[in-house]
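Hi everyone, thanks for coming. Let me put the structure up, and then we can walk through some charged pairs and the pockets.

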Amino acid sequence: SKWGTSAHQMKNASKLKIESLGDDEKKAVESLRAAVGKAGYEDVPDIFLLRFLENKAYDATAAFEKLTVFLKWFEENKVGELTMENEPKKQTVMNKCIPFSCTHGCDKEGRPIYYERTGKIRCDLLHANITKEEFERCHVWGIQQMMARAEKSSQDMKKPVTQFVMVMDLEGFSLQQRVGFPYLVGTLACDDKYYPNFMGKVYVLNAGWVFPMFWQLIKPYLPAFVSDHIELVGDAKTELAQYIPKESLPKMYGGDAADIPILDTSDLKSSSADSYEGEELEETNIAAGDKMEICIEAENGAGRFGWYFISEGDYDVGFSVKVEEKEGDKTELEVRKYEKLITDQGSYTSKGPCKVTLTWDNSYSLFTSKTIKFVASVAEVSDVGGKTKS
């Protein structure tokens, strides 16, 4: 099915959930099911209907608006294909940069647990090895697997389990990890838009002095269904056992399960590398209050444009990419909207002769210059889907 396997559709959990609803809520489910059918979406899993109905207090009209956006995105991105056996290409990079586990079991309510040693994430290596789009793809794959685990728990416990729990360990967190902020904001936006109410609880460990800073950073971007369910844990070894059985709790937190390992990252590309995919990086300094533009062109036909940059010292710089197609309707596009970034990589394939303008904007900085390493290239192609001309 394009909606994924029966486990990913959480058929048992959704059946049990609907059986537990009141008459008005059941009517809302039927109303929403009929509405999405009329909109051209067939055999939509009940768990999708329930997720958006719960988020909108069982207002079928309000849920329909958000659900149809989700269904369109789900189909276009072939999310149903993201099974445990079909993980994204960059998942290995994620596994090495982010010490985590989603296989330790469930809490005492049966909700599957996602453990993350957030303070040990190698944000510098993430930026050097994976784009925000690839990161989101891996994140969605992880969410899909948590859905399958929730379904398994529903079958085992014979009750609806429709959420998961996160344990976030901030030990080791520092200001240097702000480079991962764009990735975090992207995943929060994804969860808010496509997976509302799926996260049931967040336990924050080893908060210490760093948490107020971390909280101020992320609070504006947190969906209510997340911020309302965050709990600070003082002593993990004594407090977590109230919520999580010992067999699902790592030894480092007072349980009997294996600890969350930190994997070797020596084979990943360093953020301080002087080349990117075999091309030598240029280095330049952008003064405080200044900006830099680079134009690259495909003059004779369609072109495949590519770019990569990284800012030294973990400083962000404004970045945008504009495209000017020179034939047909002479379309102008902003394929990378202005955003303050520490690194970015991307590509664009034009329909014909085209000019691409990359802009690094440091005009907002009063005192700090930014040093960036970058590469920008274009190769002509025989047609939009064709091979690069030699």
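Let's start with Asp344 and Arg336, whose side chains meet in a salt bridge at 2.9 Å, N to O. By salt bridge I mean a side-chain nitrogen of Lys or Arg within 4 Å of a carboxyl oxygen of Asp or Glu. Asp344 and Arg336 are both buried; buried is under 20% relative accessible area, exposed is over 50%, and partly exposed is in between, with a 1.4 Å probe and protein chains only.

A quick word on what you are looking at. This is a predicted model, where local features need pLDDT of at least 70 and side-chain atom pairs count only at pLDDT 80 or more, while totals for chains, interfaces and linings use all residues. Residues are numbered from 1 along each chain as its sequence is written, and side-chain values use heavy atoms, leaving out hydrogens and water.

How many salt bridges does the rule give? The count comes to 18. Some share partners: Glu30, Arg33 and Asp46 are joined that way into one network.

Another pair is Glu312 with Lys373, at 3.7 Å, N to O. Glu312 sits in the loop between S10 and strand S11 (317-325) and Lys373 in strand S15, so this pair ties together parts 61 residues apart in sequence. Helices (H or I, at least four residues) and strands (E, at least two) are DSSP runs, numbered from the N terminus.

Now the pockets. A pocket here is an open set of points on a 1 Å grid over the protein atoms alone, where a 1.4 Å probe fits, with protein on both sides within 12 Å along at least five of seven lines; lining residues have an atom within 4 Å of a point. The largest pocket holds about 870 Å³, counted as the space filled by probe spheres set on the points, which are joined across faces, edges and corners.

Its lining has 34 residues, with Lys132, Glu133, Pro182, Tyr183 and Gly186 nearest the centre. Helix H7 (132-157) gives the most, seven residues.

The second largest pocket has a volume of about 210 Å³. Among the residues lining that pocket are Thr131, Tyr276, Trp307 and Ser377. Strands S10 (303-311), S13 (343-349) and S15 (370-380) each give two or more residues to that lining.
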